[in-house]
Amino acid sequence: MKLLSKNFIKSFGYKIINIHPSLLPKYKGLNTHERVLKNKEKFSGCTVHFVTENLDSGKIIMQKRVSISKKENKTTLQKKILKEEHILYSKSIVSIFRWTYLKKKFISIFPLETLSDPCTEFLSM
């Protein structure tokens with residue numbers, strides 16, 4: 001993992017997204033599966049969020065929760081969440097593009113402030 005500089009993020013218009021293997025804001029950073037299991041959580045999951053200069057702290061776009069069985073270990077949990085990450089990342093990208101299209105199509109009818117969507121911050125930058 002590498003933290004991106006504010007200038008790098010800014011050069012992309014703050015429109016970089018990341019997928020993280022936990023339900024943010026819990027378990028930011030590395031070794032998430034180990035920490036989740038150590039704390040005997042009943043659920044974990046993954047989060048797609050916008051990248052900021054602060055570690056795993058950008059606005060959340062989408063999340064997917066998965067149950068943790070009593071027999072779960074680091075490897076099984078990692079595989080279970082990775083499968084969901086692939087699905088969630090794709091859905092998040094589609095959501096952003098759909099929202100971009102809707103904004104362009106309907107912005108003259110509905111002011112942006114009246115529309116509620118997790119991508120509002122992304123589109124208003």
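**Close-up views of a predicted model**

At 31% relative accessibility, E34 counts as partly exposed.

**View 1. The whole chain, for orientation.** Let's start with the overall layout: the protein has 4 helices and 3 strands, and from the N terminus on they follow the order α-β-α-β-β-α-α. There are 125 residues, of which 33% count as buried. Among contacts with a separation of 6 or more, 60% join residues 24 or more positions apart. The accessible surface comes to about 8,400 Å², and carbon and sulfur atoms contribute 58% of that area.

**View 2. The largest nonpolar core and I17.** In soluble globular proteins, nonpolar side chains tend to be buried together. Here the largest nonpolar core has 13 residues, with I17 and I61 making the most contacts inside it. Strand 2 (43–50), strand 3 (60–67) and helix 3 (74–106) each give two or more residues to this core, and helix 3 provides the largest share, 4 residues. What does I17 touch, leaving aside residues up to four places away in sequence? The neighbours are V48, H49, F50, V51, I61, Y89, I93 and I96.

**View 3. The salt bridge between E34 and K74.** A search of the whole structure finds 3 salt bridges. In one of them, E34 pairs with K74, and the closest N and O atoms are 3.2 Å apart. This pair links distant parts of the chain, since E34 sits in helix 2 and K74 in helix 3, 40 residues apart. K74 counts as partly exposed, at 41% relative accessibility.

**View 4. The salt bridge between K26 and E41.** The side chains of K26 and E41 meet with an N to O distance of 2.9 Å. K26 lies in the loop between strand 1 (17–20) and helix 2 (32–38), and E41 in the loop between helix 2 and strand 2, so the pair ties together parts that are 15 residues apart in sequence. K26 is partly exposed at 45% relative accessibility, and E41 is partly exposed at 22%.

**View 5. The salt bridge between E72 and K80.** In this pair the closest N and O atoms are 2.8 Å apart. Is E72 buried or exposed? E72 counts as buried because its relative accessibility is 13%, under the 20% cut-off.

**View 6. N7 in helix 1.** N7 is found in helix 1 (residues 6–11) and is exposed, with a relative accessible area of 61%. The C-alpha atoms of N7 and E53 are separated by 9.0 Å, although the two residues are 46 apart along the chain.

Technical notes:
Residues numbered from 1 in each chain as written. Predicted model: local features only at pLDDT ≥ 70, side-chain atom pairs only at ≥ 80, totals over all residues. Heavy atoms only, no water. Core = buried A, V, L, I, M, F, W, Y, C linked by side-chain atoms within 4.5 Å. Buried < 20%, exposed > 50% of the residue type's maximum accessible area, 1.4 Å probe, protein only. Contact = heavy atoms within 4.5 Å. Areas by Shrake-Rupley, 256 points an atom, 1.4 Å probe, with all protein chains shown as cover. Salt bridge = Lys/Arg side-chain N within 4 Å of Asp/Glu carboxyl O.
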